[in-house]
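Have a look at the sequence and the fold, then read on.

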Amino acid sequence: MFILAYLRDIACPSSDKHALVTPWLKGDILGEKLVNLADCLCNEDLESRVSSESHFSERWTLLSLVLSQHVKNDYLIGDVYVERIIVRLHETLFKTKKLSEAESSDSSVSFICDVAYNYFSSAKGCLLMPSSEDLLLTLFQLCAQSKEKTHLPDFLICKLKNTWLSGVNLLVHQTDSSYKESTFLHLSALWLKNQVQASSLDINSLQVLLSAVDDLLNTLLESEDSYLMGVYIGSVMPNDSEWEKMRQSLPMQWLHRPLLEGRLSLNYECFKTDFKEQDIKTLPSHLCTSALLSKMVLIALRKETVLENNELEKIIAELLYSLQWCEELDNPPIFLIGFCEILQKMNITYDNLRVLGNTSGLLQLLFNRSREHGTLWSLIIAKLILSRSISSDEVKPHYKRKESFFPLTEGNLHTIQSLCPFLSKEEKKEFSAQCIPALLGWTKKDLCSTNGGFGHLAIFNSCLQTKSIDDGELLHGILKIIISWKKEHEDIFLFSCNLSEASPEVLGVNIEIIRFLSLFLKYCSSPLAESEWDFIMCSMLAWLETTSENQALYSIPLVQLFACVSCDLACDLSAFFDSTTLDTIGNLPVNLISEWKEFFSQGIHSLLLPILVTVTGENKDVSETSFQNAMLKPMCETLTYISKEQLLSHKLPARLVADQKTNLPEYLQTLLNTLAPLLLFRARPVQIAVYHMLYKLMPELPQYDQDNLKSYGDEEEEPALSPPAALMSLLSIQEDLLENVLGCIPVGQIVTIKPLSEDFCYVLGYLLTWKLILTFFKAASSQLRALYSMYLRKTKSLNKLLYHLFRLMPENPTYAETAVEVPNKDPKTFFTEELQLSIRETTMLPYHIPHLACSVYHMTLKDLPAMVRLWWNSSEKRVFNIVDRFTSKYVSSVLSFQEISSVQTSTQLFNGMTVKARATTREVMATYTIEDIVIELIIQLPSNYPLGSIIVESGKRVGVAVQQWRNWMLQLSTYLTHQNGSIMEGLALWKNNVDKRFEGVEDCMICFSVIHGFNYSLPKKACRTCKKKFHSACLYKWFTSSNKSTCPLCRETFF
């Protein structure tokens, strides 16, 4: 305490004592004692401090005093001892960087921060000491690293930040420009460069680093030297070889989408694997470096800092490269999504950077790199034009001389391909004109090279892809050239061969040929000769056979791409022949349609259906957007064109399920058991293709139950029959999955399902399964529908569906674009517009589930009205009101109109009964006539049809007793209320009942109807005493409810 008080006293510059004690202050004795004190404090065990915290703090205060107090701009003690003390403090901090969380010494760090802060705040010229700059660097490094690495608490990080900022502030305000010799600036720049290039940074680490750099550079901005910032950025900036090394280290999976979409063409293998597992959190060095430098530039240019050697344009170009790499990735890892979000939050965007730089200089740099390297550099130019960040006028000078792009290199090829969507028709013709002569007269080797057939055909395809070439003669000319290639070099064409023996160059040229043929079919309107059709269709089938025979090689990108374009060609041919009309058939060669149907179409589906089963069997849970499943989209779209006859004649291996109750023949059981489970596959194209295929089969299936209908007698009270077992077992699995997804959501609260997520696939498969079940139900006879509906009632499956639908249907199912339409017109809704279940069309994907849910609800109300009505009436009041309000507002008018229209347009004729409809009043009038008897009934649809009860009113009545009349009105009302069918079907049932009555068949004395309202049977069970006949189902219900076995009429024992 004495030394501390003494030092405080003599620290005053006016003290006369200072001159007397200077030798002692500067001497070895005090200096060594203070150095030993620093050693002791830095090495002292944390546990021993607790009992003497006050004493411990005073010793740190002493150390702080001797470093921060000055007399006449000089330290109190010798410079050599100041340096040694600072070195000791630095060594302690440096060790802290390497300590684990358990070993961390927060107290020592805190005291060192206090000492260093006082030291930096009071020192003048002291930063020239190497030890003090080393200390400052370590303080900065501790703040620029994440807590996961330093294990320091927030309050210490805040202390460290204030400390190193005070040091940097002192550095930049030195008047003698000594900061130019500062080792801190040089070493911190090298450390930052190493961190982003060599260290493994995750999202959090990068964020902390960028935040520290932000603080550092904002302090450097206070310097009067305008060159300081530029020099510092230049020290962090990698050289060209370092940039190139980082670009090459980026995983090449970004190429997936450009290759599949035809934006770039390749004829060599460049990658085979996806992200390594160990890299799922670590950001690539290129991304970290471009983000760091972009952040630095944004700060530096606030002061109009001048960067040398086009550094600004280079930094912007590299940031664009990083952003384009991220954008092209399909299914990017979460950490990459986080990286892009961080850039947005920190305003590190191209738009914020481009206003700072020279656009023409940047464009020149991008074009130079594009023409030299191609790939991502070419796509960056296309992106800038597409986003209107640069105008077409700014780009034109860079491709004015078309001939300068030839001879073709990969860079020139990719540059032209990326520019194609933005070129004028004339400019595309100029590029095409350069390519056409080059397609003639190549050797086998030249055909496959970039400057040969492959490259020039790729450019022609890119021009053709943008629909800018409408010259039929030119297209036919190219087709003839390709046919000549086949004649001269047939071994180049990969027909029914092993692709493991094919070179990437040969694969590349085949891919471009197939692409041309697909584009040719789309855009060539002039007729083809029979030989040309033969070439296209035979080649397509041969390529498809190659695809089928090489499934083991799909992991190789060019093989996967070959499979995709082969399926694309098969799909385009299928679409062409599917859309032929009487007018277009006249332009086709004779017998072409029959050849297509009997041979080529059959060949396509006999190859693709087994591939679908194989591919989905191997990959149980792979997203549709992954490259491994890229061919699923074109293959599945092709399979949607398969005919019912081709499905029924399938050659799939038998797949039967033990104890599966079904009346279907084995080949149909196999088809359903193979395809139905794929409605759960984690890829939308598979689900939709399977739906389209099974949809064609559904109308064929009820007939097998119809043939066995007699085995389902009316002996039981409520006989039931399951819809196809394969669908119902699948539905059971889906119900469990949907319960996990939607079960906790209250009915009426709308759930938004993220497109292409796992939940999306579950919900999509569930709704598609129900559409198939409802399609099957609609195709069945009245008797079968009664049995099927009873099964659905017993399993409560329909109830579960309806609850889920009111979690999935939007509150307002109106199409967005109809909001601006004419007010007098009814708006388009998901109930008025048919849902297009397209595989390739994804623009409406966010509305896919809501629209599909509305479609299923519409089908359910139309085909199962009685069951929906029963569910609605038994639901709780809140659900009752939600369902009533929604149905009345959006569905009832649509269904009423359709029901009335079906009556008006019906071709069904009734002997002795006429049926008419009035759309304006929602009424149907039925007039029944037999001999002198005339019965007229008026059926009124309620405003909330079909939820509300249908009203049957009396019209003209001639020759019928009042009681009989009332019975028949009640019967019709009962039929219309409880049968799951249309009004016409209810009237047909009622007429049949009346006809039987007039034929002398007596009513069942339990239900007072001739025909049973559920199973449509006649009264057959007669009482031996009173001779009255009853329906078996009615009698069974009478016995069980009354607990008696007596006749309902005479009360005698019923035998």
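A few ground rules come first. This is a predicted model, where local features need pLDDT of at least 70 and side-chain atom pairs count only at pLDDT 80 or more, while totals for chains, interfaces and linings use all residues. Residues are numbered from 1 along each chain as its sequence is written, and side-chain values use heavy atoms, with hydrogens and water left out.

**The strands**

Helices (H or I, at least four residues) and strands (E, at least two) are DSSP runs, numbered from the N terminus. Strand 3 covers residues 913-918, and its covered face carries Met913, Val915 and Ala917. Thr914, Lys916 and Arg918 are on the uncovered face.

Two strands count as paired if DSSP finds at least two bridges between them. Strand 3 pairs with strand 4 (residues 923-930) in the antiparallel sense, over six bridges. Arginine 918 has glutamate 923 of strand 4 as its bridge partner. The hairpin of strand 3 and strand 4 has four residues between the strands, and arginine 922 takes a positive phi near 55 degrees there. Strand 4 is also joined to strand 5 by eight bridges, again running antiparallel, and here glutamate 923 stands opposite glutamine 940.

How buried is strand 5? Buried means under 20% relative accessible area, exposed means over 50%, and partly exposed is in between (1.4 Å probe, protein chains only). Seven of the eight residues of strand 5 (residues 933-940) are buried, so this strand is largely enclosed by the rest of the structure.

**The cores**

A nonpolar core is a set of buried Ala, Val, Leu, Ile, Met, Phe, Trp, Tyr and Cys residues joined through side-chain atoms within 4.5 Å. The largest one has 304 residues, and those touching the most other members are Tyr232, Phe516, Leu573, Leu694, Leu767, Trp770 and Tyr857. Helix 38 (residues 758-779) gives this core its largest share, 13 residues. There's also a second, separate core of seven residues, including Phe1030, Cys1034, Leu1035 and Phe1054.

Contact here means heavy atoms within 4.5 Å. Leaving out residues up to four places away in sequence, tryptophan 770 touches Leu731, Leu792, Ser797, Leu798, Leu801 and Val856. With the neighbours within four places set aside, threonine 860 is in contact with Leu774, Leu798, Leu801, Leu802, Pro865 and Val868. Threonine 860 sits in helix 41 (residues 848-863) and counts as buried at 0% relative accessibility.

**Buried helices**

In helix 20 (residues 376-386), nine of the eleven residues are buried, so the helix is largely enclosed by the rest of the structure. Among them are Leu376, Trp377 and Ile380. Just after helix 20, arginine 388 takes a positive phi of about 60 degrees.

Helix 34 (residues 666-675) is mostly covered too, with eight of its ten residues buried. Its cover includes helix 31 (592-618), helix 35 (684-697) and helix 37 (725-742). Within helix 35 you'll find alanine 689, which is buried with a relative accessible area of 0%. Alanine 689 touches Cys636, Thr640 and Ile839, not counting residues up to four places away in sequence.

**Aromatic rings**

Rings of Phe, Tyr and Trp (its six-membered ring) pair if their centres lie within 6.5 Å; planes under 30 degrees apart are stacked, over 60 edge-to-face, and the rest tilted. The structure holds 25 such pairs, and here are two of them.

| Pair | Centre to centre | Angle between planes | Type |
|---|---|---|---|
| Tryptophan 533 and phenylalanine 577 | 5.6 Å | 50 degrees | tilted |
| Tyrosine 691 and tyrosine 695 | 5.8 Å | 40 degrees | tilted |

Tryptophan 533 in helix 28 (residues 530-549) and phenylalanine 577 in helix 29 (residues 557-578) are 44 residues apart, so to speak linking distant parts of the chain. Tryptophan 533 is buried at 2% relative accessibility, and phenylalanine 577 is buried at 8%. Tyrosine 691 and tyrosine 695 both lie in helix 35, four residues apart. Is each of these tyrosines buried or partly exposed? Tyrosine 691 counts as buried at 6% relative accessibility, whereas tyrosine 695 is partly exposed at 40%.
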